[in-house]
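Reader: I am new to this structure and would like to learn how to read it, feature by feature. Could you take me through it slowly, giving the general idea before each case?

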Amino acid sequence: MTKPSLPELLHAAVTAVGGTERPGQVAMAEAVEEAIDGGSHLLVQAGTGTGKSLGYLVPALAHGERVVVATATLALQRQLVERDLPRTVDALHPQLRRRPEFAMLKGRSNYLCLHRLHEGVPQDEEDGLFDQFEAAAPTSKLGQDLLRMRDWADETETGDRDDLTPGVSDRAWAQVSVSSRECLGATKCAYGAECFAESARERAKLSDVVVTNHALLAIDAIEGAPVLPQHEVLIVDEAHELVSRVTGVATGELTPGQVNRAVRRAAKLVNEKAADQLQTAAEGFERLMELALPGRLEEIPEDLGYALMALRDACRTVISAIGTTRDKSVQDEDAVRKQALASVESVHDVAERITNGSEWDVVWYERHEPRGGAAYRQSGASLRVAPMSVSGLLREKLFTDRSVVLTSATLKLGGDFNGVGASLGLAPEGTEGDDVPQWKGVDVGSPFDYRKQGILYVAKHLARPARDGDRGDMLDELTELIQAAGGRTLGLFSSMRAAQLAAEELRSRIPEYPILLQGEETLGELIKSFAADPGTCLFGTLSLWQGVDVPGPSCQLVVMDKIPFPRPDDPLMSARQKAVEEAGGNGFMAVAATHAALLMAQGAGRLVRASGDRGVVAVLDQRLATARYGSYLKASLPDFWFTTDRNQVRKSLAAIDAKARQTEAEGQPESD
């Protein structure tokens, strides 16, 4: 039997999911097939509505080797496992003559731990009793959540936190889950045979397609102990998020609360001398942290250096002592020991990393609003260390021994792929060399006609935004735009403070348009309320720039208060910028402008989500029209019709609003 062609397979899959084939999707599938067959790498930009998941799933399934698909958001993981993969596998089965298996795999702490659930958490004295179910009053929210999870454990097949609805707080979940360091191991655990995390790993080993998240992909790459099964093809969806997720996994943190927890957990397992040494080191560290001022530490101050060495050495002593003492009086000793070791090792590793010092690491103090109670964060300060860049790590760990496809609606910044390529450790496209990963960038476009469907408006007449300056003129402009649009506004702000101020001010100015504010309700609930009532506006910050999918008349105006450059005092971004400048490059363009371009492209992408959508993206920052870097940022956005005419944009918004009202009055969906 001849092998079915890619167009035949794609047609079958698209028909099965009830979609329509699009030229961009066909072009993407062909480019993915070529990359996989040639063992090369591909960056493919596919606009909203292209149907990109089928654009990579069909050629990957047809290839027949094991594929790992890594995504950034829970929503896309669910869509792949619950909708796209089952339908695609069914559709391709008659032609492929095989039925590829698929599975979801996440980090261990995402799964319910039966040992924790049944044996209780080895608790710290100040946290209450050993049995967390007795410690939490059944009437409290925590107690109710724990009892609900106990019932859920009997019926769930996956034990996956994301399958528990409604969800529970991080604090409640921490009572019934373990990190990979705290896990006893399947062979030593009384519940090893029923373990949800182990079952997920076994399913992944037997599957042709493994769906995971960027964080687990990063852990697999960084920690050297393979978590993912061997695979020949890696597909990274939502690839614009990868660098920040990998950076997050590679970032270490020390807080006084975390160190004191390690002291309490280890104290009952080691001799008095070792316990006292760790206690003394912890007190010295805590005293320093009380005086810590936020900002980068280009050199480690002498007193901090001594405190960290004392912590590192005390942790080493405790780790050795825990290994040599046994105490049968401790209830469930193995679990207590494992949890104590995990706590002490994580403190040791960060203290040692900062003490050793690397020119490739950035170290800084950060201050937080206290939250979560004494056991969770005793001081408002933390000491953090992160890699200056993850590009070398990604080049070495990601692009060897497999074909890698990276896809997103926003990979082409300022007109080409080289900016994103560089952040992933790739040399400029077309660079030849023995150990240079070969890749190509392909933009398959979008099914939407952006010039007809959207307007990009820059409020050129507004004063240039100053850091933390009064922006009364911006609030006046925002008020008028919302009134012209009849509500229907997604407000994307560069800081939470700016979003709160705007919400407060506009709630009193235009009470007829309800304003929802991020943080006042869960994100899911906010988006649901925003989509349900066209007169409503939703204001928020970072996660809204890329997490909102509201097609139709509820979102016809997307407003950005200003260009989202990183804060000048952001330690990691400013360190990266300085490093580029020292190497002779343009640090501002390579770091700050690239960061802003990516966020703006994502933010502008919230406007047109379907072929019937119409609206305006309004940037209330004159620099997009007047600064030299404005053209680079504009080239990263969808190709909307551009204007700086405030009267024209108000007329357009009023016309779009009138059309939407008419359609709503007639009770029919907007036509394409």
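Author: Let us begin with the overall form: with 672 residues, a compact globule would have a radius of gyration near 26 Å, and the protein chain has 27 Å, which agrees. That radius is taken over C-alpha atoms, and the globule rule is 2.2 Å times the number of residues to the power 0.38. This is a predicted model, in which local features need pLDDT of at least 70 and side-chain atom pairs count only at pLDDT 80 or more, while totals for chains, interfaces and linings use all residues. Residues are numbered from 1 along each chain as its sequence is written, and side-chain values use heavy atoms, with hydrogens and water left out.

Reader: How many helices and strands does the protein chain have?

Author: Helices (H or I, at least four residues) and strands (E, at least two) are DSSP runs, numbered from the N terminus. In the protein chain they come to 27 helices and 18 strands.

Reader: What share of the residues in the protein chain is buried?

Author: Buried means under 20% relative accessible area, exposed over 50%, and partly exposed in between, with a 1.4 Å probe and protein chains only. By that rule, buried residues make up 52% of the 672 residues. Helix α12 (residues 256–267) gives a local case: 11 of its 12 residues are buried, so the helix is largely enclosed by the rest of the structure. Among the buried residues of α12 are Pro 256, Val 259 and Arg 264.

Reader: How far does α12 reach from its first C-alpha to its last?

Author: The expected span of a helix is 1.5 Å times one less than its number of residues. Helix α12 reaches 16 Å, close to the 16 Å expected.

Reader: How should I read a pair of aromatic rings?

Author: A pair of aromatic rings is described by the distance of the centres and the angle of the planes. Rings of Phe, Tyr and Trp (its six-membered ring) pair if their centres lie within 6.5 Å; planes under 30 degrees apart count as stacked, over 60 as edge-to-face and the rest as tilted. A search of the whole structure finds 7 such pairs. In one of them, the rings of Phe 565 and Phe 588 have centres 5.3 Å apart and planes at 50°, so the pair is tilted. Because Phe 565 lies in the loop between β16 (557–560) and α23 (571–582) and Phe 588 in helix α24 (residues 587–604), the pair ties together parts 23 residues apart in sequence.

Reader: Which aromatic pair does Phe 588 form with Tyr 629?

Author: Phe 588 and Tyr 629 form a tilted pair, with 5.2 Å from centre to centre and 55° between the planes. Tyr 629 lies in the loop between α25 (623–626) and α26 (630–635), 41 residues from Phe 588. At 25% relative accessibility Phe 588 counts as partly exposed, whereas Tyr 629, at 13%, counts as buried.

Reader: What should I look for in the backbone?

Author: Most residues other than glycine have a negative phi, and most peptide bonds are trans. Here, a cis peptide bond joins Thr 165 and Pro 166, with omega about -10°, and Pro 166 is placed in the loop between α7 (141–155) and α8 (170–174). Arg 97, although not a glycine, has a positive phi of about 65°; Arg 97 is found in the loop between α4 (74–96) and β3 (102–104) and counts as exposed at 64% relative accessibility.
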